[in-house]
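Open your viewer and get ready to click along.

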Amino acid sequence: MLGNGVIGILSESSNIWERRSPLTPAHCARLLHSGKGKNGIQKIIVQPSTKRIYHDVQYEDVGCEVSDDLSECGLILGVKQPKLEMILPDRAYAFFSHTHKAQKENMPLLDKILAQRDTLYDYELIVGDNGKRLLAFGKFAGRAGLIDFLHGLGKRYLSLGYSTPFLTLGASHMYPSLTAAKAAVIAVGEEIAAQGLPPGLAPIVFVFVGSGNVSQGAQEIFKLLPHSFVDVSKLPEIVKQVGDLAHHSPLRKRVFKVYGCVVTSQDFVEPKDPTQCFDKVEYYAHPDHYNPVFHKRIAPYASVIVNCMYWENRFLRLLTTQQMQELAKKGCPLVGISDITCDIGGSIEFVNRCTTIEKPFFRYNPFADSYHDDMDGDGLVCLAVENLPTEFSRESTKHFGDILSQFVGCLARAKNLRELPSHLQRACITHGGALTSLYEYIPRMRNSSTVDLITETANGSSGKRKYSTLVSLSGHLFDQLLINEALDIVEAAGGSFCMVKCEVGQSTNAMSYSELEISADDMTILDQICDALSSLANPSHKDSGTSIKDKELSLTVNKVSERMGREFNGSIKRTAVLILGAGRVCQPAAELLASAGDLYSNSFKRFENDDVQVDKEFEVIVASLYQKDAEETIEGIPNAKAVQLDVMDDENLSICISQVEIVLSLLPPSFHTRIAKCCIEHEKHLVTASYVDNSMSAYHEKAKEAGVTILCEMGLDPGIDHMMAMRMINQAHARKGKIRSFTSYCGGLPSPAAANNPLAYKFSWSPAGAIRAGRNPACYKYLGNVTNVDGHALYDSAVSFRFQDLPAFALEYLPNRNSLVFGDLYGISDEASTIFRATLRYEGFSAIMSCLGKLGFFDQSVHPKLKGLQRPTFRGFLNELLKVGSDYPEDYEELQGSFNEKEFIEIAMMNRYCRDSAAAKKAAKTIKFLGLHEDEEIPEECSSAFDVVCLRMQQRLNYSGKEQDMVLLHHEIQVEFPDGRPMETHKATLLEFGKTENGKNTTAMALTVGIPAAIGTLLLLQNKIQSKGVIRPTDPEVYVPALELLEAYEIKLMEKIEVS
């Protein structure tokens, strides 16, 4: 029967609201008519259903049979678990079984499957190459959960005496499609934007707990309303500001938007030890080391809590019943909870029951600790529907079937597991009535949850064993059957175990992770068990008679709190690269390295030499202080894995570095000497994009002695600028020329389309760092004369600049620090009369920044007006700065209403803040754009004028949506020849824009820093760089192949020579 190519589709029986199907009629049509010989599907039989979102006749119209009898089917598909009596013998089934973690409530189903000699595929276990589930409904749950709650929120506000636009919104299942539901939400949003919300309700703050697919789906709906997202630290401020405006203003102004805040575990717990910082891995391992703070920091300011967070019993609760009761007594504004995760009695303790689609709400009264089915009365309304995705049955079925139809043919024609791709083999829990080797642990987990931790005491009563410890097992636990060996060790020693957590790796390269609570009556036995597990993880290479390669173990054993760094101990089988850091720059570097070893890659194929051995694949390990950041960086990148690592932890840093071939650090420069020291100890190469400072230079001889290369300054500036310059200079020297002038211009700018503010500038990094960089002194040589520029006069030294080859760009340049050191670095100090390096900005930038500086906005000292409890407004503070050392026109009055640009221009010109009226006008427009004139209270964290302007720049000058940045680098050298040949001007230009691919934005700065750094790493892996010690990319062995590879990666330089 298996593999006969006949597919059955079950009539869903788990719930009256379950209207989904694994395949739509359109999917069935494609499967049936795309060529039976190709996909192996001979027939599809659909059980009749009067509630399925797609009607029986629609399946019949595309060639399916409709029949209750599925006895002809070798493969039977469902969405949810079927009733036990529906399971036929000797078939293959695919549905969400919820059995692989030995879930107690679903063990009768598994027993029936085994007794009927069936094969079971679980959708939850089918994952892609990136380790992410292919078949999931999380976003649909989030979408439906928020729409349903908004529907109930309108009713709840009405019961409290307020009519709101939410009242017109229906529940999700009332709309014929997701598009129609979204349109209804948009209509609600338009009414809010036009009419506002009742003053007595403002601000309405939605707190989204979690950031995964469920949260993303909920936020997708929320963003259809007029909204602002605020950081968790700003919640008290925004609630006070908006609340005062709405409740206490004489005009009782209405508010025309809602507010959102996304929080994760680092926001709602804090270490018990006040000297420690939050550590996600430590919290997941030892939540008992943390205190809950959600009820203090977040809940008092929330109107609605949207719970999208995965939770287990061992974690701290968001809100306990007692905490909620105390908050209610203090007047907490919380109106309701949408518990989309539906963890009953879990993270929110008083959500103690599931609700249904037809009755989605109950009311909890914290004053009386009572529960009610109506919307009227004290307390808050709670939604906890467990089958939310079925409310959008049409869209969720299409989404599901789009993916399932790609491999359902494999399942339908497979007679044995060996015929299936590995990711489908690993999703098979039972085959022919027996558990597959991957899931043989399930019976032991079933026993561990009921028996193993219980022992009989002397008087016959039961109790837990005396000693226990929580141990993590990570590695290839199931595909190499190590989980069974580990459990044998525990039981053979007389201990017992309880499986606390189990995450099964879903690809041949993926690690599995389990947490066991191991118990024993004797501490010595417990220690022996841990030692034996460690021996299993790290087998002796002296094992007589057996090659270690015959059974290469990939298991780590450690207490969970020590998991950092060790979680991939011993598991690396390919050439591995460790990338430290997970910022914007990291992703392009990881993508390049993960694909660079592919011999079929067009980008690298033509640069491979016969004498260079290149691995077919590199394993790229991205390590960050926060696991989530690393996971986001590697999303969609094959051959990459994410780990959590604190580089300040020397022991774990050493473990990580010892197991890789090379390290690429994209962390701030302050970390690099620590990393370099560790790399030298383990004789591993290191690449960074940062400048070589004195502390790094001190490692030069030690690195040489260890045979280690530390390649620094391998980014854009420094990096590509070095390589362009040295190629131009060495080419000129090879032709017997002398360098008479070297000029270099570089800038990271918004693309012209994104330069849409008066400064024509945006920040992808800290405004504070950028402003400080613009106050650094500069030194350069021009026609033999050395010029020094004071940092406070730097902006006034800007000069307009036009590129002959890029006439559309209206730019200016500023001297960039000490240019003379580059004359020494490039070996041209004695021959060049001009050595000048500059920073590029759009024209007018420097005049505006100079004006802001002269006004006092760059003063970093504590300002008297920002000391006290009474906070000034931005307008009042601007008035204060204008008073200090300024002359006024006779009729000038302090800014009271709207900002008077004309009066500001007069003040700026009278006090020489600006060189001309055009610059003063631009400065006035910038002040307005930044909101430095607004009647809004300055936050408490601002203690200086510098803090104030940085805050406003960070808020108003950031990239949004699909806006792109731009990098422009330009070198010019003048070459003189002693034999009378005419002087030549050599020019090289790099112009790169940010990119958007597959909905993912990558900045030009990230590309031009990350890709060169990755190329330097690749060259070291290929042994193309022989120099040892601390080096820069100024030698031909580095810059020649690196520039070629940059061009292959489509970062191209425009070069030309002009003859005078």
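**Stop one: a threonine in a loop**

Select Thr164: leaving aside its neighbours within four places in sequence, Thr164 is in contact (heavy atoms within 4.5 Å) with Gly154, Tyr157, Pro198 and Leu201. Thr164 is found in the loop between helices α5 and α6 (178–195). Helices (H or I, at least four residues) and strands (E, at least two) are DSSP runs, numbered from the N terminus. Is Thr164 buried or exposed? Thr164 is buried, with a relative accessible area of 6%; buried means under 20%, exposed over 50%, and partly exposed in between, using a 1.4 Å probe and protein chains only.

Before moving on, note that this is a predicted model: local features need pLDDT of at least 70, side-chain atom pairs count only at pLDDT 80 or more, and totals for chains, interfaces and linings use all residues. Residues are numbered from 1 along each chain as its sequence is written, and side-chain values use heavy atoms, with hydrogens and water left out.

**Stop two: the nonpolar cores**

Now select Ile44, Tyr123, Phe166 and Phe206, which touch the most other members of the largest nonpolar core, a set of 119 residues. Such a core is made of buried Ala, Val, Leu, Ile, Met, Phe, Trp, Tyr and Cys residues joined through side-chain atoms within 4.5 Å. Helix α5 (residues 138–159) gives the most to this core, with nine residues. Zoom in on Phe206: beyond its neighbours within four places in sequence, its contacts include Leu146, Leu150, Phe222 and Val304. Apart from this core lies another, of 67 residues, including Ala642 and Leu1018.

**Stop three: helix α22**

Select residues 650–658, helix α22, whose buried residues are Asn652, Leu653, Ser654, Ile655, Cys656 and Ile657. What do they pack against? Their partners are β25 (575–580), β28 (662–665) and α23.

**Stop four: a cavity**

Select Pro669, His672, Tyr691, Asp693 and Cys712, which are among the residues that line the largest cavity. On a 1 Å grid over the protein atoms alone, a cavity is a set of points where a 1.4 Å probe fits but cannot get out, and lining residues have an atom within 4 Å of a point. The elements giving two or more residues to this lining are α23 (672–682) and α24 (694–697).

**Last stop: the whole chain**

Zoom out and colour by secondary structure to find 35 helices and 42 strands. Buried residues make up 55% of the 1060 residues in the chain.

Key:
1 Å grid on protein atoms, 1.4 Å probe; cavity = no way out; pocket = protein on both sides within 12 Å on 5 of 7 lines; lining within 4 Å.
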